[in-house]
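The questions below go through one protein chain step by step. Each answer ends on the value or name that was asked for.

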Amino acid sequence: YRPLLSVPKSDLRQYCVDQKLSWIEDDSNLDTSQDRSFLRHRLIPVIRERWASIESTLKQAVQRDVDARGLLDEVAREDFALASCKQGLSVSRLCEMSGSRQQLVFVHWLRSRGLPFPSGKMLASMSSDLLMAAQDASPVVSWHGYQLRRFRDVICLSKQQDSALQPRAITTQQLSEHVSLGQGLSVRRVQGGGIRESAVAIRFRAGDESMRLRAVNRKLKKIFQENAVPPWLRNSLPLIYVGEIGRAHV
């Protein structure tokens with residue numbers, strides 16, 4: 001919040017002198033290697049010689065830009081509400097919008113997650129790589145430690161995984177108070193809850209697992225597909241084995 005932004009510097013300085021106030025000058029204000037100082041001390045004085053009202057003209061331009069940005073933000077919020085779904089953004093709904101409005105939705109989404117303003121090149125990549133990809137493709141765009149991925153009709157945003165989880169087993173006998181599984185997953189003992197089995201193993205996918213559902217053995221891969229579990233999440237889901245090793249209980 002800068003309440004004195006519209007007050008000329010000369011007026012502020014004169015007020016301080018009249019009121020016998022002291023102030024601190026920022027050394028960088030005189031360093032013309034800085035763009036803002038170069039504009040202030042070298043360029044604007046030359047422009048002012050020909051156009052005396054340059055400061056007023058620039059302020060009006062800035063205010064018009066602020067007004068336009070406010071309108072664009074309002075449009076972005078409305079379009080985001082139309083394009084958003086439980087898992088992320090709907091590809092089909094985004095494709096009904098113009099390219100400019102698609103980019104506004106991406107910017108609003110990323111900034112709402114605390115990410116910086118994406119560059120024009122990055123926005124173009126999001127539109128071309130994610131929206132224009134083939135239906136059976138698995139495109140991914142990485143951005144500041146996050147990944148945007150497309151799965152079927154949905155674009156998902158998630159933190160980038162540093163490494164894949166390796167298949168391993170953790171039995172209840174190995175558990176202490178808390179054991180980290182990686183990628184923000186953990187398992188711990190609880191009193192009076194959880195799985196009441198002494199021989200329980202926790203593993204991650206190694207491939208070709210199956211589950212027994214309603215007395216029928218079914219491939220885990222097929223179950224993931226039927227329940228629309230994105231491929232990049234499948235290796236991160238812990239599998240709990242009870243009893244017969246090699247068959248996931250849940």
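A residue counts as buried under 20% relative accessible area, as exposed over 50%, and as partly exposed in between. The structure is a predicted model.

Q: Is arginine 69 buried or partly exposed?
A: The relative accessible area of arginine 69 is 36%. Buried means under 20% and exposed means over 50%. Arginine 69 is therefore partly exposed.

Q: Which helix holds arginine 101, the partner of aspartate 79?
A: The side chains of aspartate 79 and arginine 101 meet in a salt bridge, with 2.7 Å from N to O. This pair links distant parts of the chain, 22 residues apart. Aspartate 79 lies in helix α3, and arginine 101 lies in helix α5 (residues 99-112). The helix asked for is α5.

Q: Is aspartate 79 buried or partly exposed?
A: The limit for buried is under 20% relative accessible area. Arginine 101 has 37%, so it counts as partly exposed. Aspartate 79 has 4%, so it counts as buried.

Q: What is the N to O distance in the salt bridge of arginine 218 and glutamate 226?
A: Arginine 218 is partly exposed because its relative accessible area is 25%. Glutamate 226, at 47%, is also in the range for partly exposed. Their side chains meet in a salt bridge, and the N to O distance is 2.5 Å.

Q: Which strands stand at the edges of the open sheet?
A: Four strands form the sheet in the order β1-β4-β3-β2, with antiparallel pairing. Each edge strand has a single partner strand, so one side of each is left without a neighbour in the sheet. The edge strands are β1 and β2 (140-143).

Q: How many bridges join β3 to β4?
A: Strand β3 (residues 146-151) and β4 run antiparallel. They form a hairpin with two residues between them, and arginine 152 in the turn has a positive phi of about 60 degrees. One of the pairs across these strands is glutamine 147 with serine 158. The bridges number six.

Q: Which residue in β4 stands opposite leucine 89?
A: Two bridges join β1 to strand β4 (residues 154-159), and the two strands run antiparallel. Serine 90 stands opposite valine 154. Leucine 89 stands opposite isoleucine 155.

Q: Which residues is serine 158 in contact with, leaving aside its neighbours within four places in sequence?
A: Serine 158 belongs to strand β4 and is partly exposed, because its relative accessible area is 22%. Glycine 88 is 70 residues away from serine 158 in sequence and 9.7 Å away in space, C-alpha to C-alpha. A contact needs heavy atoms within 4.5 Å. The contacts of serine 158 are Tyr146, Gln147 and Trp232.

Q: What accessible area does the nonpolar patch of Leu4, Val7 and Leu12 have together?
A: Leucine 12 lies in helix α1 (residues 9-18). Its relative accessibility is 32%, so it counts as partly exposed. Leu4, Val7 and Leu12 form the patch on the surface, and together they have about 220 Å².

Q: Which strand has the lowest mean pLDDT among the elements of the chain?
A: The mean pLDDT of the chain is 82, and 83% of its residues reach 70 or more. Strand β1 (residues 89-90) has the highest mean among the elements, 94. Over residues 246-250 pLDDT stays under 50. The lowest mean, 48, belongs to strand β12 (residues 247-248).

Methods
Residues numbered from 1 in each chain as written. Predicted model: local features only at pLDDT ≥ 70, side-chain atom pairs only at ≥ 80, totals over all residues. Heavy atoms only, no water. pLDDT = per-residue confidence, 0-100. Pairing = 2+ DSSP bridges. Patch = residues over 30% accessible without salt bridge, like charges linked within 9 Å, V, L, I, M, F, W, Y side chains within 5 Å. Areas by Shrake-Rupley, 256 points an atom, 1.4 Å probe, with all protein chains shown as cover. Salt bridge = Lys/Arg side-chain N within 4 Å of Asp/Glu carboxyl O. Buried < 20%, exposed > 50% of the residue type's maximum accessible area, 1.4 Å probe, protein only.
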